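Subject: Handover of a structure and findings

Dear colleague,

Please find below the structure I am passing on to you, with its sequence. My findings follow directly after it.

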Amino acid sequence: MSSLVRHLTFDCHDAYNQGLFWAAVLEGTLSDDDHPGDPEALVTAPGAALLFVTVEDAKTVKNRVHLDLQPQDRTREEEVERILALGATLVADHRTADGRGWATLADPEGNEFCVERSAAERGPAAG
């Protein structure tokens, strides 16, 4: 059997606060073992597990890998507004007048991620 991805790991300055933010974004849970000041925080959500690990190094360049989020029960616009209210910032707006495109956001520590259209917005033939 091949290897499986157990979780995606992110270096950060504050693992617990990053975990809280991403648990809210993904409507997942932060491990019961995680507390403020812990060097690691694990978020589990349907389809994903994210591990945040505290490091001293600062983020200096654009992410080489990022998450693309697809809302399941709301529109892209509703999801962008919800995540901005959780503390994200808008980095770049690639949404177009015809409804296509995506919004690039950054989490509280500057890690970029994108919010795409929902499956319903893409239509019945889209994947």
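Which side chain meets that of Glu27 in a salt bridge? In this predicted model, the partner is Arg82, with an N to O distance of 3.9 Å. The two residues belong to distant parts of the chain, 55 residues apart: Glu27 sits in the loop between H1 and strand S2 (29–30), and Arg82 in helix H2. Their surroundings can be described from the accessible areas. Glu27 has a relative accessible area of 49% and is partly exposed, whereas Arg82, at 18%, is buried. The value for Arg82 counts as buried because the cut-off is under 20%.

**Salt bridges**

Arg82 also forms a salt bridge with Glu79, and here the closest N and O atoms are 2.9 Å apart. Both Glu79 and Arg82 are buried. Why are Glu79 and Arg82 separated by about one helical turn? They are 3 residues apart in helix H2, so about one turn lies between them. In general, an α-helix has 3.6 residues a turn, so residues three or four places apart point the same way. Through shared partners, salt bridges join Glu27, Asp73, Arg74, Glu79 and Arg82 into one network.

Another pair is Asp98 and Arg100, whose closest N and O atoms are 3.7 Å apart in a salt bridge. Asp98 and Arg100 are both exposed. The count of salt bridges comes to 11.

**Nonpolar core**

The largest nonpolar core contains 22 residues, and Trp22, Phe52, Ile83 and Phe113 have the most contacts inside it. At least two core residues are supplied by each of the following elements: strand S1 (8–12), helix H1 (15–25), strand S3 (40–45), strand S4 (48–54), strand S5 (67–69), helix H2 (76–85), strand S7 (103–106) and strand S8 (112–115). H1 provides the largest share of this core, with 6 residues.

Helix H1 is itself mostly covered, since 8 of its 11 residues are buried. These buried residues are Ala15, Tyr16, Gln18, Gly19, Phe21, Trp22, Ala23 and Val25. After H1 comes Glu27, which has a positive phi, near 50°; Glu27 is also the partner of Arg82 in the salt bridge described at the outset.

Which residues does Ile83 touch, not counting those up to four places away in sequence? Its contacts are Phe21, Val25, Leu69, Ala88, Leu105, Phe113 and Val115. Two of these, Phe21 and Val25, are among the buried residues of H1.

Thr75 is found in the loop between S5 and H2 and is partly exposed, with a relative accessible area of 28%.

The volume of the largest pocket is about 420 Å³. It is lined by 19 residues, of which Val25, Leu26, Pro46, Gln70 and Gln72 are the closest to its centre. S4, S5 and H2 are the elements that give two or more residues to this lining, and the largest share, 3 residues, comes from S5. By class, the lining of the largest pocket holds 10 nonpolar, 3 polar and 6 charged residues.

The second largest pocket has a volume of about 350 Å³. Its lining has 15 residues, and Phe10, Asp11, Cys12, Lys59 and Asn111 lie nearest its centre. The classes in this lining are 5 nonpolar, 4 polar and 6 charged residues.

**Cavity**

How many cavities of 30 Å³ or more does a search of the whole structure find? The search finds 1, and the largest cavity holds about 40 Å³ of space. Lining the largest cavity are Phe10, Trp22, Asn63, Val65, His66, Leu67, Asp107, Asn111, Glu112 and Phe113. By class, these comprise 5 nonpolar, 3 polar and 2 charged residues. Trp22 and Phe113 have also been named above, among the residues with the most contacts inside the largest nonpolar core.

With kind regards

How values were computed:
Residues numbered from 1 in each chain as written. Predicted model: local features only at pLDDT ≥ 70, side-chain atom pairs only at ≥ 80, totals over all residues. Heavy atoms only, no water. Core = buried A, V, L, I, M, F, W, Y, C linked by side-chain atoms within 4.5 Å. Buried < 20%, exposed > 50% of the residue type's maximum accessible area, 1.4 Å probe, protein only. Helix = DSSP H or I, 4+ residues; strand = E, 2+ residues; numbered from the N terminus. Contact = heavy atoms within 4.5 Å. Salt bridge = Lys/Arg side-chain N within 4 Å of Asp/Glu carboxyl O. 1 Å grid on protein atoms, 1.4 Å probe; cavity = no way out; pocket = protein on both sides within 12 Å on 5 of 7 lines; lining within 4 Å. Points joined across faces, edges and corners; volume = space filled by probe spheres on them. Nonpolar A, V, L, I, M, F, W, Y, C, P; charged D, E, K, R; others polar.
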